[in-house]
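Let's take a walk through this model together, one region at a time. Have the sequence and the structure open as you read.

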Protein chains: 2
Amino acid sequence: MNVEKQIQGKVYKFGDNINSDIIIPGRYLIYIEPGKLAEHAFEVLGEGFPAKLRSFDVLVAGRNFGCGSAREQAVTAIIGLGIKAVVACSFARTFYRNAINAGLPIVDCPEIYSAVNEGDDITLDLASGEIHHQDAKYRFPEFPDSMRRLLELGGLAEYLKSQFQGERTGY
Amino acid sequence: MNVEKQIQGKVYKFGDNINSDIIIPGRYLIYIEPGKLAEHAFEVLGEGFPAKLRSFDVLVAGRNFGCGSAREQAVTAIIGLGIKAVVACSFARTFYRNAINAGLPIVDCPEIYSAVNEGDDITLDLASGEIHHQDAKYRFPEFPDSMRRLLELGGLAEYLKSQFQGERTGY
C-alpha cells in the first residue's frame with residue numbers, strides 16, 4: 001500500500017469502543033490476505049456488512065477504536081475493504097501501531113468527530129496535519145519522523161526492504 | 001414486562017462477541033429507563049442505528065452475546081427497543097442472568113444460527129422449548145424452574161413483589 005499524502009473520500013462513522021472482534025472475528029485469523037479478511041470485516045454487525053463499507057473511503061470513529069484483542073489482521077481487513085484512512089477520537093495502542101506498520105494512515109482528531117456525518121466528504125492532508133471538512137479545517141498532531149517515514153514508504157515491511165537495499169535512514 | 005409464552009417475530013442477525021459497549025456505551029449508564037437507553041442502543045454501529053432495529057422483534061446472535069463489561073442496562077436497552085427475545089449460540093454469563101432478572105427471554109440455540117437470515121420470521125415457544133422457523137423445529141434447553149418463574153412473572157422485581165404479597169413460592 002503506497003500512502004498518498006492527500007487522502008480524500010466519503011466517511012462512514014462509528015461510535016466508541018469498536019473492538020477487534022467486531023473488526024475481524026478471531027476465527028478468521030488463519031488468513032493474512034487483505035482481500036480474504038475484508039470479506040469478513042465487520043460482518044458481525046448484521047446483513048449488508050461488510051459490503052456497505054466498501055462504498056466509503058475513510059472511517060471516522062469515537063474513542064478507543066481497535067480495542068480488545070491485539071491482532072494485526074484488524075488493520076489488514078480494513079485495508080482490504082479499500083479504506084484509505086481512519087480518523088478517531090482515540091485508538092487502542094496496538095491497533096495504532098499495527099496501522100502505522102501496515103501503512104494505513106491513522107489520525108487522532110477528536111475535534112472533528114461531532115462535526116461529520118455518514119457520507120460526508122473529507123480530505124486529510126498528511127503533510128500539513130490538517131483535515132478539511134466543508135468549510136472547516138481541523139488540525140491533528142504531526143507524526144513523529146519515524147512513523148511518517150513508515151507511512152510514506154507504505155509500512156514497516158517496505159521500510160525494511162528499503163533498508164536492505166542499502167538506503168541509509170538514520171534510525 | 002410481562003412475558004408471553006409464545007414469541008413470534010422478525011429476526012435481526014448479529015455475529016459473535018457483540019459486547020456491552022456495542023449494546024449500550026458506558027456513558028449512558030446514568031440512565032435506567034428502557035426508552036432513554038434504547039435511544040442509544042447499538043448507536044456506535046453507524047448511522048441508522050438503533051432506529052433500524054426497532055423494526056425487528058428477535059435478535060439472533062452468534063457466540064458470547066453480551067460479553068464485556070457487566071451492565072444490566074444492556075438488557076434494559078434491548079427491551080426498550082421493543083425486542084421480545086434474544087436467541088444466541090451462547091451468552092456471556094452476566095448478560096444471561098441480567099436478562100432473566102429483567103424478564104427478557106433469552107435462549108441458547110446454536111443449531112438455528114446458520115439457518116436464519118435477517119428478516120426471517122421465527123416463533124419461540126417457551127413452554128415447549130422449541131423454536132419454529134420455516135418448516136423446521138429447533139429445541140432449546142428448558143429453563144430451570146426458578147428462572148422460568150422469574151420470566152413468567154416478568155423478572156426479579158415482579159417476583160419479589162409477588163413474594164411480599166404473601167405468595168409462597170417454595171424457594
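Helices (H or I, at least four residues) and strands (E, at least two) are DSSP runs, numbered from the N terminus. A quick word on what you are looking at: this is a predicted model, in which local features need pLDDT of at least 70, side-chain atom pairs count only at pLDDT 80 or more, and totals for chains, interfaces and linings use all residues. Residues are numbered from 1 along each chain as its sequence is written, chains are lettered from A and ligands numbered from 1 in the order in which they are written, and side-chain values use heavy atoms, with hydrogens and water left out.

**The cysteines**

With 14% relative accessibility, Cys67(B) counts as buried; buried means under 20% relative accessible area, exposed over 50%, and partly exposed in between (1.4 Å probe, protein chains only). Leaving aside neighbours within four places in sequence, Cys67(B) is in contact (heavy atoms within 4.5 Å) with Asn17(B), Ile18(B), Asn19(B), Ser20(B) and Ala92(B). Asp145(B) lies 78 residues from Cys67(B) along the chain, and their C-alpha atoms are separated by 25 Å.

How many disulfides does the structure hold over all chains? It holds zero, where a disulfide is a pair of cysteine sulfur atoms within 2.5 Å. For Cys67(A), the closest cysteine sulfur is that of Cys67(B), 11 Å away and too far for a bond. Cys67(A) is itself buried, with a relative accessible area of 13%. Cys109(B) is buried as well, at 0%, and its sulfur is 8.3 Å from the closest cysteine sulfur, in Cys89(B), again too far for a bond.

**How the two chains are related**

A rotation of 180° with 0.0 Å of shift along its axis superposes chain B on chain A, with an RMSD of 0.0 Å. The two copies are thus related as by a two-fold rotation axis. In chain B, the C-alpha nearest that axis belongs to Leu45(B), at 3.7 Å. Copies are superposed by least squares on the C-alpha atoms of residues with pLDDT of at least 70 in both. Of the interface residues of chain B, 100% are also interface residues in chain A, so the copies meet through the same surface.

Asn117(A) has a neighbour from the other chain: its contacts, not counting residues up to four places away in sequence, are Val11(A), Lys13(A) and Glu47(B). Asn117(A) lies in the loop between α5 (110–113) and β5 (121–125) of chain A and is partly exposed, at 41% relative accessibility.

**Two helices of chain A**

Seven of the nine residues of α3(A) are buried, so this helix is largely enclosed by the rest of the structure. The buried residues of α3(A) pack against α1 (20–23), α2, β2 (58–61), β3 (85–88) and α4 of chain A. In helix α6 (residues 145–153) of chain A, the buried residues are Met147(A), Arg149(A), Leu150(A) and Leu151(A), and they pack against α4 and α7 of chain A.

On a 1 Å grid over the protein atoms alone, a cavity is a set of points where a 1.4 Å probe fits but cannot get out, and a pocket is an open set with protein on both sides within 12 Å along at least five of seven lines; lining residues have an atom within 4 Å of a point. Grid points are joined across faces, edges and corners, and a volume is the space filled by probe spheres set on the points.

| Space | Volume | Top contributor to the lining |
|---|---|---|
| Largest pocket | about 310 Å³ | α3(A), five residues |
| Largest cavity | about 40 Å³ | α4 (93–102) of chain B, three residues |

The largest pocket is lined by 17 residues, with Glu72(A), Thr76(A), Ile79(A), Asn101(A) and Ala102(A) nearest its centre. The lining of the largest cavity includes Ser20(B), Gly66(B) and Arg71(B).
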